[in-house]
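Subject: Structure handover

Hello,

Here is the structure for your files. My notes on it follow below.

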Amino acid sequence: MGMELNLLILSVVLLFVSTTKAQSSDGIFDVTKFGAMPNADISKALMSAWKEACASPIQSKVIIPKVAYKLGTIDLTGPCKSPIEVQLQGTIQAPIDLTGEGWVQFKYIDHFTLSGGGTFDGQGKAAWEKNDCDKNPKCDRLPMSLRFSFITNSIVSDITSKDSKNFHVQILGCNNLTFQHVNVNAPGDSINTDGIHIGRSTGINILSTNIGTGDDCISLGDGSKQVTITNVTCGPGHGISVGSLGRYTAEEPVEGIRATNCTIMNTSNGVRIKTWPASPTAGTASDMHFEDMIMVNVSNPILIDQEYCPYNQCNKKSPSKVKISKVSFKNVRGSSANALAVKLVCSAEVPCEDVEVADIDLTYNGNEGPISSQCKNVKPIISGKQNPRACSSPAPPA
């Protein structure tokens, strides 16, 4: 009897071991196998699935099936042993009262993929109603929905970010990271909900993506280098913005920005470069090109603003120290919501250099007067069609 019992125990153990190996041998880690239940918090299940997948010696995939789940703050951190994918097929919802820096954070991962057609729902409506960060620099910061920190050689595709409490996507310290077929959705009055914010990262590509939100569709902070933005539809929102720059010390240069074949609709800005007056230290932003852009009822289709000072938080009498150079606006067409459609206001201390304005064809049908263009501390290189005529209006003093 003892021998039979021992053999039975041994066979059960061997069966368990073989089953465990079978479950992980294909590299698939479904969160339902780790206890995830529909409409319940899957934080523990997702973390367990991530840890096992990250430790897998073969390429792995974490699957979140096509139902609704809830999820608290989570950090999915590498490095991982092999390429890894998170496939979100369903919808995950953030807690309504979530606080902190970020909701879902991906860190220190190489060869990472986020895909699946699913939705990250930040449930931000209640937070926006309490948010005064646009006016109060000491406000309590709300969590960003998706943070990508020190991610390399990776891709994010076919996912949606909805109603983030703060930025939808933040990219920091990343290299060779592509966003493709991504959707960002929030109302136009949602505060500080930048669609994709890039900082101190190189080789970022944003392709065939739709962004409608309450702040910049895409914003590029200091240290953004070699960024490609192509076939992006933006609106509502504040357009595609480089900056703001020059507010803080030790900012890194911005260089190698190219935005092409984008459509910007019903936004407060089209393509914009903005720097703060009274910069604490000198900075640079160069090699920035905006080409083949369609504007539809955009308030400021083309804008360089080196007197950017929302809510009078700075001294406009002290010029910006950020040097802007090698910029082009080419083949920009469509409609402006304001008579002043092109505004190039550069710094008196470090005037803009090598700014090219070519083939601009914008219309304005309002009653503020004829469509116009304004220049200050810049002598643009002009070619092709110019509607409005370049630098046709005098710039007011700072």
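Phe 29 sits in strand E1 (residues 28-30); strands (E, at least two residues) and helices (H or I, at least four) are DSSP runs, numbered from the N terminus. Phe 29 is buried, at a relative accessible area of 4%. Buried means under 20% relative accessible area, exposed over 50%, and partly exposed in between, using a 1.4 Å probe and protein chains only. From Phe 29 to Ile 64 is 35 residues in sequence and 9.0 Å in space, C-alpha to C-alpha.

Please note that this is a predicted model: local features need pLDDT of at least 70, side-chain atom pairs count only at pLDDT 80 or more, and totals for chains, interfaces and linings use all residues. Residues are numbered from 1 along each chain as its sequence is written, and side-chain values use heavy atoms, with hydrogens and water left out.

Overall picture. The protein has three helices and 28 strands. Its C-alpha trace spans about 100 × 40 × 35 Å along the principal axes. Of the 398 residues, 51% are buried. Contact means heavy atoms within 4.5 Å. Among contacts with a separation of 6 or more, 76% link residues 24 or more positions apart.

Strand E5. All five of the five residues in E5 (residues 84-88) are buried, so the strand is largely enclosed by the rest of the structure. Ile 84, Val 86 and Leu 88 point one way; Glu 85 and Gln 87 point the other way. E5 pairs in the parallel sense with E2 (residues 60-64), over five bridges. Pairing requires at least two DSSP bridges between the strands. Lys 61 is opposite Glu 85 there. E5 also pairs in the parallel sense with E8 (residues 112-115), over four bridges. Here Glu 85 stands opposite Thr 113.

Core. The largest nonpolar core has 91 residues, and Phe 106, Phe 112, Phe 148, Met 288, Phe 329 and Leu 344 touch the most other members. Such a core is a set of buried Ala, Val, Leu, Ile, Met, Phe, Trp, Tyr and Cys residues joined through side-chain atoms within 4.5 Å. Leaving out residues up to four places away in sequence, Phe 106 touches residues including Leu 76, Val 86, Phe 112 and Phe 148.

Leu 172. This residue lies in strand E12 (residues 169-172). Leu 172 is partly exposed, with a relative accessible area of 30%.

Regards
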